[in-house]
Amino acid sequence: MINTINLSFCTLRVYNNIVIAQMNEGIALTYDLIDEMVETVVPSFKGEPFVYITHRVHSYSVDPTIYIDVSQIENLVGFAVVSSNHMSLESTNVEKIFLKKPFEVFSNMEDSLHWANQILKNSLSIVEY
């Protein structure tokens, strides 16, 4: 792990090319909170590709339209949700509509990390001319 960042609404664990977020219980994830998270985390990757994993341990609400803006983060190459809560997993069907990046749902962290590493490997092998 490179860094743990505690914001008023979540904890972010930042690794080389992966950030794992755990939101606090009962928060409403809004544009303002997403902006704060983006301003805090994205510079850590210095333009390099990264994957965002949200570990949904607690119950909280998400405005799915925030993913329209999240899709604009150029070096974000994948988004994963890890949860064992059926209701939380159901809400991802709506969230996926708004995010224009690879988006997967997992029941455990190990599978999400494996997927994230594959996405990163694929993104690093893409050569732009």
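Tutor: Buried means under 20% relative accessible area, exposed over 50%, and partly exposed in between (1.4 Å probe, protein chains only). The model is predicted, so local features need pLDDT of at least 70 and side-chain atom pairs 80 or more, while totals for chains, interfaces and linings use all residues. Residues are numbered from 1 along each chain as its sequence is written, and side-chain values use heavy atoms, without hydrogens and water.

Student: Is Glu95 buried or exposed?

Tutor: The relative accessible area of Glu95 is 4%. The limit for buried is under 20%. Glu95 is therefore buried.

Student: Which residue forms a salt bridge with Glu95?

Tutor: A salt bridge needs a side-chain nitrogen of Lys or Arg within 4 Å of a carboxyl oxygen of Asp or Glu, and the count here is one. Glu95 lies in helix 3 (residues 86-98), and the partner, 39 residues apart, is in the loop between strand 5 and strand 6 (61-62). The closest N and O atoms are 2.7 Å apart, and the residue is Arg56.

Student: Which helix gives the most to the lining of the largest cavity?

Tutor: A cavity is a set of points on a 1 Å grid where a 1.4 Å probe fits but cannot get out, and lining residues have an atom within 4 Å of a point. The largest cavity has a volume of about 200 Å³, and of its 18 lining residues the closest to the centre are Ile34, Met37, Tyr52, Val70 and Phe79. Strand 5 (50-55), helix 2 (66-70) and strand 7 (76-82) are among the elements that each supply at least two lining residues. The most, four residues, come from helix 1.

Note on methods. On a 1 Å grid over the protein atoms alone, a cavity is a set of points where a 1.4 Å probe fits but cannot get out, and a pocket is an open set with protein on both sides within 12 Å along at least five of seven lines; lining residues have an atom within 4 Å of a point. Grid points are joined across faces, edges and corners, and a volume is the space filled by probe spheres set on the points.
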